[in-house]
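Please keep the view open as you read.

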Amino acid sequence: MFKKGTKSYSIFNNKCPRCQNGDFYLDKNPLHLKKILDIHEKCNTCDLHYMIEPSFYHGAMYVSYGLSVATSIAIVIIATLLGFSLITSFIAVFVGLIVFTPFMLKLSRIIYINMFVSYVKDFKNEDSDS
Ligand SMILES: [Zn+2]
């Protein structure tokens, strides 16, 4: 599942979606909040520009929304199985979303670029205009 060449390898190892060698985020740790969304300008191995077009990552908010809903549903299911009341479940979702927001922010951008860029085995940079 996390083998090189799969999207999940790129997403969970902070790697370039095309060559899967260069890093995507400047800082892997989602708890360093000041640098949470700083990405490299381009891949240091295959020269893929991570900002594919202006405002490219605005679309990542839809991915982030999906991750938030999935997290909320998971928390409600766990709270229900543990016998929490409705108001306690609501508080658990609220706290859970605050705790997981840095992780979801990081994941949403790299998931979003992986939706548009596919892995190319042994990528050779042949166009010199980039
Ligand atoms: Zn690359």
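**Notes for a first look**

1. Buried residues make up 16% of the 130 residues in the protein. Here a residue is buried if 20 or more other C-beta atoms lie within 10 Å of its own, exposed if 12 or fewer, and partly exposed in between, with C-beta atoms placed from the backbone. Please bear in mind that this is a predicted model, in which local features need pLDDT of at least 70 and side-chain atom pairs count only at pLDDT 80 or more, while totals for chains, interfaces and linings use all residues. Residues are numbered from 1 along each chain as its sequence is written.

2. Now the overall layout. The protein has three helices and zero strands, and its elements run α-α-α from the N terminus on. Helices (H or I, at least four residues) and strands (E, at least two) are DSSP runs, numbered from the N terminus. The C-alpha trace spans about 60 × 30 × 20 Å along its principal axes.

3. Take α2 next: its 22 residues reach 32 Å from first C-alpha to last, close to the 32 Å expected at 1.5 Å a residue. That expected span is 1.5 Å times one less than the number of residues in the helix. Just after α2, Gly-83 takes a positive phi of about 80°.

4. Which residues form the largest nonpolar core? It has 11 residues: Cys-16, Cys-19, Phe-24, Tyr-25, Cys-43, Leu-48, Tyr-50, Ile-110, Ile-111, Tyr-112 and Ile-113. Such a core is a set of buried Ala, Val, Leu, Ile, Met, Phe, Trp, Tyr and Cys residues joined through C-beta atoms within 7 Å. In soluble globular proteins, nonpolar side chains tend to be buried together.

5. Is Tyr-50 buried or exposed? Tyr-50 counts as buried because it has 20 C-beta neighbours inside 10 Å. This residue is found in the loop between α1 and α2. Not counting residues up to four places away in sequence, Tyr-50 touches Phe-24, Ile-39, His-40, Glu-41, Lys-42 and Ile-113; a contact means that two C-beta atoms, placed from the backbone, lie within 7 Å.

6. Thr-45 lies in the loop between α1 (7-13) and α2 (60-81). With 16 C-beta neighbours inside 10 Å, Thr-45 counts as partly exposed. Leaving aside neighbours within four places in sequence, Thr-45 is in contact with Cys-16, Cys-19, Asn-21 and Gly-22.
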